[in-house]
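Please consult the sequence and the model shown below while reading.

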Amino acid sequence: MTSTSPPPGLARLNALEEPAARAALHEVCAATAWVKHLLAARPYATADALYTESDTATAALSAADLDEAVAGHPPIGRPRPGDPVSAREQRGMAGASDALRAELLELNLAYQERFGHVFLICATGRTGEEMRDAARERLGDTPERERATVRTELGRINRVRLARLVEEDRPA
């Protein structure tokens, strides 16, 4: 027999008062419009419904909303001190050599100079070398193409973070 009850974290997200739900969702994505969109669609019957709504909200972000979302992310290779989320997501950099860290820092700076924001990539499950290679490749993108890539990467990050949120068996 299979259970039809939602995962513990999803049931908790559905039941949270709006301010607490807003705070939990803001930890997933810093874009206010994204958070409002997901709040308005509660309750969610399934995690897949939540992920689909997240994808819809991410696709609908204006340029300013996307900037707000990206501003909530630390540079690759420099997770925020004391932030277990960014440290976990950037785990692929944990054993990186000093040379790789220095190269990624230079790439981050060149990327930020070219595009005006941090290099955003869904780092979960990627090695430092893979992230470096992606940064190198994306530096050659047009601003329009890079904007589309950033939106796609943000959607992936949001899904990873939502999955952790809805599967958690503890209060948010």
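## Residue E146 and its surroundings

Apart from neighbours within four places in sequence, E146 is in contact (heavy atoms within 4.5 Å) with Y111, F115, R138 and D141. The model is predicted, so local features need pLDDT of at least 70 and side-chain atom pairs count only at pLDDT 80 or more, while totals for chains, interfaces and linings use all residues. Residues are numbered from 1 along each chain as its sequence is written, and side-chain values use heavy atoms, with hydrogens and water left out.

E146 belongs to helix α9 (residues 143-167); helices are DSSP runs of H or I with at least four residues, numbered from the N terminus.

## Helix α9

The 25 residues of α9 should span 36 Å at 1.5 Å a residue, and this agrees with the 36 Å between its end C-alpha atoms. The expected span is 1.5 Å times one less than the number of residues. The buried residues of α9 include E146, T149, V150, E153 and I157. An α-helix has 3.6 residues a turn, so residues three or four places apart point the same way.

## Packing of α7 and α8

Helix α7 (residues 98-115) and helix α8 (residues 128-138) have axes that come within 10 Å and cross at roughly 30 degrees. Axes are lines fitted to C-alpha atoms over the stretch in contact, and angles run from 0 to 180 degrees between N-to-C directions. The two helices α7 and α8 are therefore roughly parallel (angles under 35 degrees; over 145 is roughly antiparallel, 65 to 115 roughly perpendicular and the rest oblique).

On the α7 side the contact is made by L100, E103, L104, L107, Y111 and F115, and on the α8 side by G128, E129, M131, R132, A135, R136 and R138.

## Packing of α2 and α9

Helix α2 (residues 18-28) packs against α9 at an angle of about 135 degrees, with the axes 9 Å apart. This makes α2 oblique to α9. L25, E27 and V28 of α2 meet N158, R161, L162 and L165 of α9.

## Residue E68

E68 is found in helix α5 (residues 63-71) and is partly exposed, with a relative accessible area of 30%. Leaving aside neighbours within four places in sequence, E68 is in contact with A30, A31 and T32. The C-alpha atoms of E68 and A33 are separated by 9.4 Å, and these residues lie 35 residues apart along the chain.

Note on methods:
Buried means under 20% relative accessible area, exposed over 50%, partly exposed in between (1.4 Å probe, protein chains only).
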